[in-house]
Structure formats: C-alpha cells, structure tokens
Amino acid sequence: MSNPFFSSLAEFAKGRDSRKFTIEEVARYFMSRTEQLNPSLNVCLSLNENAINRARQLDARLARNGADSPFFGYPIMIKDNLEMEGFPTTCASKILEGYISRRTATSVARLLSLGAIVLGKTNLDEFAMGSSTENSAFGPSKNPWNPTRVPGGSSGGSAAAVAAGLAPLSLGSDTGGSIRQPAAFCGVLGIKPTYGRISRSGLVAFSSSLDQIGPFSGSASDALEALVAMGGRDSLDMTTTERDPGEMRRDFAATRMEETQIGIPEVLFGEGLDPSIRKRLLELREALGGKGAREVPVTLPHSAYGINVYYLVATSEASSNLSRFDGVRYGFRVKNPADLRTMYEETRDAGFGDEVKRRILLGTFALSAGYQEAFYRKARKVQSLIRKDFMEAFQHCDAILTPTSPTPPFAFGEKTGDPLSMYLSDVYTITANLAGLPALSVPVGLDGQGLPVGAHLIGPPWSEGRLLKLAEFISALYPMPLPEVHAGHPTVKGPGDRG
Amino acid sequence: MSTSIHKRPLFRGWEVVVGLEVHTQLLTRTKLFCRCDNRFGAPPNTLVCPVCLGHPGTLPVLNEEAVRLGIRAGLAAGCRISPVSTFERKHYFYPDLPKGYQISQYAQPLLTGGSLKIRTDAGEREISIHRMHLEEDAGKNLHAGIPDSSHVDLNRAGVPLLEIVSDPDIHSPDEAVDYLKRLRLLLRTTRVSDGNMEEGSFRCDINLSIRKPGSTVFGTRVEIKNVNSFRFVHKAMVFEIDRQIDAIEAGEKVLLETRLFDPSSGRTKAMRSKEEALDYRYFPEPDIPLLVVSDSMIDSQRRALPELPEQRADRYCAALGVQRADAEVLVAEEELAHYFEEGMERFRSTSKGEESFKKARDRWTSFILSEVLRETNRRGADVLSGPTSVEHAVGLIDRVLSGSLSFSQAKEVYARAIEEKKTPLDLVEESGLVQMSGEDELLALVEAVLSDNPGEVAAYRGGKERLFGFFVGSVMKKSNGKANPEKVNDILKAKLNG
C-alpha cells in the first residue's frame, strides 16, 4: 500500500501539483516494482508497455494546463476481465487466447478520461469463478502477506497488487464476494457498490444480475473518489442508475459514527467462524460502541440459503453468458475439428478449466426443462426473500456488520479438492450480491498468524458514501502494518534519489 | 372468432387446422440491441460491431424505435399492449447465433390478442392473433461455393424482428395465403416492415394438423419452418395436408416434428423430431430491465397510424361507390391504391356533375384493374411514375371520356407508352390517333354503309334487329377503328328507325 511518494489520492494530487514528483517518476516506480515482484507474486497477467509514455505525455499536459482531477496521472491496475481497447482480455482463461479487446470498459474509460494510467491487468480465477485465484489458467497469485497463502478471489490479483504496493488503486469485480474476500485476505479496502451504480459495459459477464465493478485501495476516501469517477448512467448498460454519483461524496461528509446504528446478525458471529477472526470482530464491536455507535440486533432468516441460491442463480446466468465462447468468431478454437459439433465440444472442453465447466454444467441443469421450476425459479423466489429480509433490517439500522470471510487466507491446495468448502468462503458476502446491496471489507488488523482480517459492512441501496465513512472510522482504529514484501525493494528509486 | 364448423372447407373429408408464425423485420434505422445499420444487401460482415458479434463485455441496449414500430403494428391489428413486458434468452448453439442465445420476448410479450379480417371464396372471417413480440434476428450461414467450410455473415444478426403468432384459426391453404397477404399489407401500410419476402423481411412458419370435422381435440401438429413465398406456403400446405391424411388413413401416426419445405420437389421433409427438440432454457434477460410502455408512447403511435387497408376499402365503397371486390383489389397494393386515389381526385375536380364523375370513376377503375394492374404485376411499381404517371394516365382517360379516343385505343396507347417510355398523349399526337366524332363525318360513313347494304337494311327494318351489330362493325371498319362507337350507335339508330 505504501510508497515513497504519497499515502493517498489527495496527497498524490498535492505532490503532483506542487511538482514534488513527476507523473513519470511515479509511474516508473510502480512499473519497476511490478517488474521486480510480479515473477514471484504472479499478480499481473499483462503490463501496459505504453504506461511510461502516457505518464510523460500527462506531465507535458500538466505543465501546460495543470490537472483538473486527482486521478490525473494516477497509476492503477485493472482485473483482466475488464476491457481496454487494444489490450488482451484473458479472463484468466485459455479460451480467450489471442483475444484483443475492441473497446474499453466504461468504468476504465471514465478513469482514463480523468488521466489515470493503467499499468497492467491483474490475475483472477478463470471468468471470476473462484475464491483463491487457483482457477486461473495462468497459475495462482500469491498473498503478499504470506506466499504460501492464497490472496483470495476471484479478484485476487487486484487485491494483492494494492497490498504489495504495485499500484495504489486497482479495480475488481464482485459477483459473490470477489472484491471483498480478497480485500480481507490481503489487508486492503475493497467495496462492491450497489447493483447499477457502475456500468458493467466492458466487464466480461459472469452472472449479469449480480456482477458489479469496484475498487481496491488503501483508504476509504480513495475508494470514494474512484466510485464517484466511475459511477452513474451509461448509455451502454441499461441496468445503470440515473442517480448522481456525487451523492456518495455528500453522504460520506455527512456521516457520524455517534449517530450510527450498526445491525448485528448475531448468528453470523457464531458457529463456523474462525476463533481469531471472531476475536477481532468482537473487539471491533466494542470499539465502535466506544465511539458512540449503537448495536441493533437484526435477523436475516433467509440468508441461510444464500450459498444455495447463489450457486443456482449465478451458475444459470454463467452457463448462458459463457455460451458465446464457441470458437466461431474469436479466441481459441481446436485445430481441424471433424464437424461443427466436434468443434464446439472440443473447443469448450480444452478452452475452459474445471471450475468453469462445473458451473456451466450446474447452470445448464438448473435451467433445463423439467428442472427449472425446482431449481432456478425457486432460487429466484428465495432470492427475493433474502432481499426482503435486508430491506426490513435496514428499517432499524444504517449498516450491517459481519466478518468478511469465515477463515483467514488459506494455503494453496487446501480447498481445491473440495468445491463446497471453497464456496463457503463467500458465505458472508454472497447475500449482498443477491440483494443488490453495497458492501465493503475493511482491514481490522491481523490474526494470530499475522494474516489480515477483514470486517464486512453491508448497507441499504445507494449508501456507499456512508459505508465508506464508517470504514474510514474503522481504519483509524486499526493502522495496518505493511506486509513483508514491502521490505524487499531496495533497488527501487524513491523521490530522494532522482537521477 | 371462428365460424361454425359446417362452413370450414374439408380436404378428403378432413378438417385442417393451421396456426401461422410470421417473422417480420422492422423498418428501424439500426439493429435491435446495437447501433449498426439495419439494411439488406451490404457485403458480408460489414454491418457488425462487438455487440452484434457477441464479443465478451458487450451488453444489449434496446432500440426504442423497434418498440414504437411494434406498438404501431399492435394497434393496427387491435392487440392489447402490455404496459410491462419482458425479454428472455433463448439458448442454442449455431454459428449464425453469436451469443449462443437469442434475446426474445417470452414470458410477457409486448402485444397480445388482436385479429385480422380475411376474405376468401368461403366468405369473410376474423383470424385471431395470439401474440406479437420483439426479438433479434440471427445471421446467415453461407455454404454455397465454399468447399470444406462454411462462412457466416452476421450483418443480419441483431436485426429487429416482430414475431406474429396467429391462433390455430386457419382452415385451408387459401385462407393461410389470404391471411399472410393481408398481414403483409398491414405491416407495409403502417411502415412497420417493408415485407420484402425475397430479402427475408417477411418469413413464415406453418403449424398444421388435421382432424375429423366436429372433433374438438387437435391432431398431432407438424411445424414447417421458413417458408418464404405465398406460393410455397400454398404448395407446402397442400402437400402436407395430403401427407398427413395419407398417413392417418393408412393407419400410421403423424409424428410431432419440424419439417422443411423443399421448393424444388414441392415436398416437405423431416428436419427434427420431438425427441431431438431443443431445450431452449429460457430465462429472464438480466441485461435488459422490464420494458415499460407509457400511455404517451401508445398515443403517439396511434396518431401516427395511417388509414389501414380495411378502412381504405370501406371508404372506396362508401365514399366513391366502388364495388367491394374492386376495392379489395385496389387496396391490396399500396402504390396502386395511391395511384387510383390520385386519379379519382383529379376526376372529381374536373367532372361536371355526379353522372360524369361516375362515368369517369368506372372508366378509371376498370382501366386500373385491367391495364395498370397487369403492368405493375409484370414490371413493378415503376410504371406508376414517369411517362405513365397518374397525371399522364388521367389525361389519356380524359380523351376516352370526351369521346375523342376509344377505350380500346387508350389501352393500346398505354401499353405502347410503357414500352416506348413516352407519355400516352405524345403517342396519340405522333400517330395521329384521333377518334372520329364529328357528326357530319360519321353521318357520311353511316350513310355509305347503309347504301352499300340495302338487303341488310331491309331485313333489319323487317324485324332482324340483331343485324344492328353488323352495321356498327361495318362503320367502325370503314373508319379504321377511329369512329366513336357511341355516336355511331346513335346515328345508326336514328337512321334505321327514323
């Protein structure tokens, strides 16, 4: 998270405008750090060779006209299921071999138009399906806090990039916890906004009704600025909101801890939760009480079915969304198939990994004639009950607090043989997607083994501003140490040794 | 809606039950979910973008123009317009379907109900329309001339379609064809579709079964896919009716299956059986919110609705006194109807009195129904403009009405005018075609004929009145066809009877 130049977006803007450093220096620092650390962390799948050029051009523009956005010259990384024109988009899948994007995702384009620099594209579980990046066709990313542990997933590369200080901000996507769980595992802040807040145009769809894009950052205010920059109506995505993203800034400014009612679903702090995580969370509850927040008990009875519902709805949509990868128009295709059917079958068999295939099969089954009523449709009914539970709970509280993950970052291979235990990684995060609600994970220190722990806040629709302010309060209580990987960059030039 | 059973035509003692599904391309500027041009005939894969190519990361954005045209079609056919309708995904793998699913309206279509009046030899009937919904077209696979591989043209992928599903209300090939012709005309008149069948903007699937008259249960239904001309619809149905009757009368069963019509053999052949039927796994399209149609949207389409063919025919009968059968023919081709009406307006303004207007109307109607209709059928709508435009044709008929040209001369001149691309009146001038109408001239001719044939004159006066035609013919011959027959009649009558 930390770097020799600035500790926040605002500080970056100040330093840039006072010419404390150049944009090029900053970009060079992060690029060389990435080149140095990526071989061991496997966080980036591709680097932007044009990044330094762009930085230089931005410096020239800065000298002429100044900068009108804090993001002007700000280096970021994006998950490799987000499109950028002229760059490969792999989704960490073999089936997109050789695919070059024709367009730029709206979220990315909006940051680029403010002057952000994309340094590279980050690793993920194939098509965002997984909780560890172990499903990447290009190998897993390492957790910067402990290289024997997973960084979480599916946006593990983006979370690890920020944690390891390869970029101050990155973008991920979250369908069932894919931003929040890796944020917790890597000790950074990650937020999934309300469904419809940020355009999904240019995000390769996993489960269209659940997917949202969001940032990883070192601070809540940086995440806030990123959401404001990316949010709002997009003519390319009919599901985007008409609401002014600037409302988040206003809510952020207006939120006070003393007036806040924190909903506590007590049952989620009980069985199945790792004891050291529970300990951290109970400490947090006490600390929040000390700051004047009030706890309100809430019940979310249908959330018990969250995992079941999620793995029917998400897989159904995934089976549909991934139909387009057929070898006909782009990407990978087997050589010399005997006929059309064989081309489809062999291309998809060789192109997709096991987890993706598992989910396509599950989703295809759940939508099939004779089964759709019992599976997909029933799941949709329960989904609406889960949403109703939340909306009732928010009659009595401003935000709901839970752990982000039931376990600390696990070891590689620990859960790959047992998909169900892997799916349970998302038990606390999944319901926010099913209900379309904004939710974030904020670091609350380390567990007994020195691994990060995350606290999870879920808010009513469009309450990102307030959630982020609460996260800022929490962050102030838990100054995070740096992961060890930060010690290992003596050759990287800081602002003191310009050459 | 349907008439009583005894009126239904029977085929070898069997009753035929048919429902038709029509896919018609909408006249939008752009495609249904992206802003690529919607037009026919461009080089392969030049009207495409990442959205209609099904690239990753793309999302559909609904074209409101298509919704408006759908509403207009619905209003024209008396459909109920759903205030809220849904889009679903229909899944199957085929190279011409880029996303692996087609976005279509399934659970709640934009339009339900409605009907279309048909008229066949069996009389007038209302065919009820079950539903109309929006969906996207697929591309086209090209196999011809490419050894060992197929190519795909995705220009058509994503073109907006309105699918129009009739109830199983149709009972003969004649009814089916009349329904399709009227539906196509309705869509063309309302500018919803160009209805161009050669270019595939009006395509038909036939669902056909047979049963014994009086039976209230349906027989096993066979679907015949993609029949793309009225003639083929008729042929396919005639073949299929016989095939099904043959099967049942031979003690076999009709299989629930999809068949294809082969125009070269005139036969239908099995494409896939029920067991091979695809499971489309419909589910709500998550990228498109519920389609909400506002009252103002409906009102503006109602205002945009032109006079419909049915109303137009009624008006021709009521206001212009045209015969029902003639009116039906006149409205069947929109350009022809406009031609007819424009001419009528001219005659209305130039006719002196009701009698002379009626005379003009009858001449003009019969001229259009015989000459102009024949020429448009043969050469297309081009003959309705240029040297044989309404203005020029009316000028020609005016000569007939004033008696300076015979109707048969006028027909001949019209045909030559088209052939030689000259205006009819220029031709009349050029060839000195003038009807002989002068009293003195005609009197001289009549007197010559009478004095040449004293025997016949005596016989006529003695009571052989059918000889009158002989005299008329002789006068016409003597005038080289230029004599005004009506005046010849009058003069002959006066001379012979006087």
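Arg200(A) and Asp287(B) form a salt bridge, with their closest N and O atoms 3.0 Å apart. A salt bridge here is a side-chain nitrogen of Lys or Arg within 4 Å of a carboxyl oxygen of Asp or Glu. Across the interface of chain B and chain A the rule finds one such bridge, while the count over all chains comes to 72.

This is a predicted model, in which local features need pLDDT of at least 70, side-chain atom pairs count only at pLDDT 80 or more, and totals for chains, interfaces and linings use all residues; side-chain values use heavy atoms, with hydrogens and water left out. Residues are numbered from 1 along each chain as its sequence is written, and chains are lettered from A and ligands numbered from 1 in the order in which they are written.

**Interface**

Between chain B and chain A, 16 residue pairs are in polar contact, both residues being at pLDDT 80 or more. A polar contact is a pair of N or O atoms within 3.5 Å; within protein, one must be able to donate a hydrogen and the other to accept it, and residues adjacent in sequence count only if both atoms are side-chain atoms. On the side of chain B that touches chain A, the elements giving two or more residues are strand E5 (88–91) and strand E17 (283–284) of chain B. Helices (H or I, at least four residues) and strands (E, at least two) are DSSP runs, numbered from the N terminus. That side of chain B divides into 20 nonpolar, six polar and five charged residues. In this division Ala, Val, Leu, Ile, Met, Phe, Trp, Tyr, Cys and Pro count as nonpolar, Asp, Glu, Lys and Arg as charged, and the others, Gly among them, as polar.

The contact (heavy atoms within 4.5 Å) takes 39 residues from chain A and 31 residues from chain B. The two chains bury about 2,800 Å² between them, 59% of it on carbon and sulfur atoms. Within chain B, the residues that lose the most area to chain A are Pro56(B), Phe93(B) and Arg281(B), together 22% of what that side buries. Buried area is the accessible area (1.4 Å probe) that two parts lose on being put together, summed over both.

**Chains and confidence**

The predictor gives the complex an ipTM of 0.95 and a pTM of 0.90. Its confidence in each residue is pLDDT, from 0 to 100.

| Chain | Mean pLDDT | Residues at pLDDT 70 or more |
|---|---|---|
| Chain A | 95 | 97% |
| Chain B | 92 | 98% |

In chain A, pLDDT stays under 50 over residues 487–499, for which the model has 18 contacts beyond four places in sequence. In chain B, pLDDT stays under 50 over residues 1–6, with 10 contacts of that kind. Where pLDDT is low, the predicted coordinates should not be read in detail.

Chain A has 16 helices and 11 strands. Chain B has 15 helices and 18 strands. The radius of gyration of chain B is 29 Å, well over the 23 Å that the rule gives for 498 residues, so chain B is more spread out than a compact globule. Along its principal axes the C-alpha trace of chain B spans about 95 × 55 × 55 Å.

**Local features of chain A**

Glu283(A) and Lys279(A) form a salt bridge (3.8 Å, N to O). Both lie in helix H9 (residues 275–290), four residues apart, about one turn of the helix.

Note on methods. pLDDT is the predictor's confidence in each residue, from 0 to 100. The radius of gyration is taken over C-alpha atoms; the globule rule is 2.2 Å times the number of residues to the power 0.38.
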